[in-house]
Amino acid sequence: MADQTTLSPALLDYARSVALREDGLLRELHDMTAQLPGGRAMQIMPEEAQFLGLLIRLVGARRVLEIGTFTGYSTLCMARALPAGGRIVTCDISDKWPGIGAPFWQRAGVDGLIDLRIGDAARTLAELREHDGDGAFDLVFVDADKAGYLHYYEQALALVRPGGLVAIDNTLFFGRVADPAADDPDTVAVRTLNDLLRDDERVDIALLTVADGITLARRRE
Ligand SMILES: C[S@@+](CC[C@H](N)C(=O)[O-])C[C@H]1O[C@@H](n2cnc3c(N)ncnc32)[C@H](O)[C@@H]1O
């Protein structure tokens, strides 16, 4: 049985050459974001965004929620994967970064599917629970501040329908989760959520050790 294959830069280049479908518009947004301070670390890897699009199609998701828009690369990939009549609500605490992505959403012709909410995600999620109701979403992507992860997970689990999917980014948190000396609040928050997920009977889970770790949690029926 094969063990985990180490992903060298050369192997990542190869994987991209055979499996990454990033068109010119996405590459432009990616390159523009990478030039922002901290942009390279904040934005999703292109293959992860492509994977989210595939997940949307696999789940048959029509109603998607994203927590953490940034410049909207993941938003764009997910919006493109939606069926006619689909909708993605995406939220960020700042309008600065989504303002960079919005023209790309327009150029892709998917801006009409995207409902951007600016404000603290905790407030946005509370509003969604009040106005849209629990179980209103088919898929939720969690990718905002790590200190809020536990709260976002609980809210996401309420907002996703039974059989729906919660995808959580950065669950390996740059490897810090496995470093006993790392005790900063963000690392502790991700570790705490990972521990909870392992034993959470409400969901089926898988931790994909790609990119910075993506945990998929399917809400049980
Ligand atoms: C890792 S980035 C999201 C990356 C994005 N999904 C992408 O693919 O490019 C995290 C985002 O969460 C936002 N954020 C941080 N704290 C937040 C909060 N309390 N409520 C809502 N958004 C928050 C940040 O402004 C930042 O844009």
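A residue is near a molecule if its C-beta atom, placed from the backbone, lies within 6 Å of it. What we have here is a predicted model, in which local features need pLDDT of at least 70 and side-chain atom pairs count only at pLDDT 80 or more, while totals for chains, interfaces and linings use all residues. Residues are numbered from 1 along each chain as its sequence is written.

Around the ligand there are 20 residues, of which Ile 44, Gly 68, Phe 70, Ser 74 and Ala 121 come nearest. Two or more residues of this shell are given by H5 and by strand E2 (87-92), helices (H or I, at least four residues) and strands (E, at least two) being DSSP runs numbered from the N terminus.

Let me now turn to H5 and its neighbours. The axes of helix H4 (residues 46-59) and helix H5 (residues 73-81) come within 8 Å and cross at roughly 30°, where axes are lines fitted to C-alpha atoms, for helices over the stretch in contact, and angles run from 0 to 180 degrees between N-to-C directions. H4 and H5 are therefore roughly parallel to each other, since angles under 35 degrees count as roughly parallel, over 145 as roughly antiparallel, 65 to 115 as roughly perpendicular and the rest as oblique.

On the other pairing, the axes of H5 and helix H6 (residues 96-108) come within 9 Å and cross at roughly 20°, and these two helices are therefore also roughly parallel to each other.
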